[in-house]
Amino acid sequence: QVQLVESGGGLVQAGGSLRLSCAASGRTFSNYAMGWFRQAPGKEREFVGAKTWSGGSTDYADSVKGRFTISRDSAKNTVYLQMNSLKPEDTAVYYCAARLASRLAWDYWGQGTQVTVSS
């Protein structure tokens, strides 16, 4: 059974930084893409960024390009979302997700972690 567990959320002032972690377990993820999504109150869940586990391509939403970075530690089976220059509009619940790299649909989701950016 695939499990994705996020951690690292919290309250930060605008301009600050946070690093989210997503610990993945349950299978080998070498053929998977790992993604980050977020959902703000009253809004739909939106794509933040994604990276193939093999370390190939990385994509980011325009709203976070240049500020957020996705990385992974294969030894720890963990994916990270480094968030810098945070803005109040980055406030949301952040979710980690996984899918086979050959598929479009995200099959597995974490429980989410709250990020709040104060102005």
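Author: Rings of Phe, Tyr and Trp (its six-membered ring) pair if their centres lie within 6.5 Å; planes under 30 degrees apart count as stacked, over 60 as edge-to-face and the rest as tilted. This is a predicted model, where local features need pLDDT of at least 70, side-chain atom pairs count only at pLDDT 80 or more, and totals for chains, interfaces and linings use all residues. Residues are numbered from 1 along each chain as its sequence is written, and side-chain values use heavy atoms, leaving out hydrogens and water.

Reader: Thanks! Which residues do ring pairs link into a cluster?
Author: The structure holds six aromatic pairs. In one of them, Phe-29 and Tyr-32 have ring centres 5.3 Å apart and planes at 70°, so that pair is edge-to-face. Ring pairs build a cluster from Phe-29, Tyr-32, Trp-53 and Tyr-108.

Reader: Is Phe-29 buried or exposed?
Author: Happy to check: buried means under 20% relative accessible area, exposed over 50%, partly exposed in between (1.4 Å probe, protein chains only). The relative accessibility of Phe-29 is 1%, so Phe-29 is buried.

Reader: What kind of pair do Phe-37 and Trp-109 form?
Author: Their ring centres are 4.9 Å apart. Their planes stand at 55°, so the pair is tilted.

Reader: And which residue lies over the face of Trp-109?
Author: A charge sits over a ring if NZ of Lys or CZ of Arg is within 6 Å of the ring centre and within 35 degrees of the ring normal. Trp-109 is partly exposed, at 33% relative accessible area. At 4.4 Å from its ring centre lies Arg-45.
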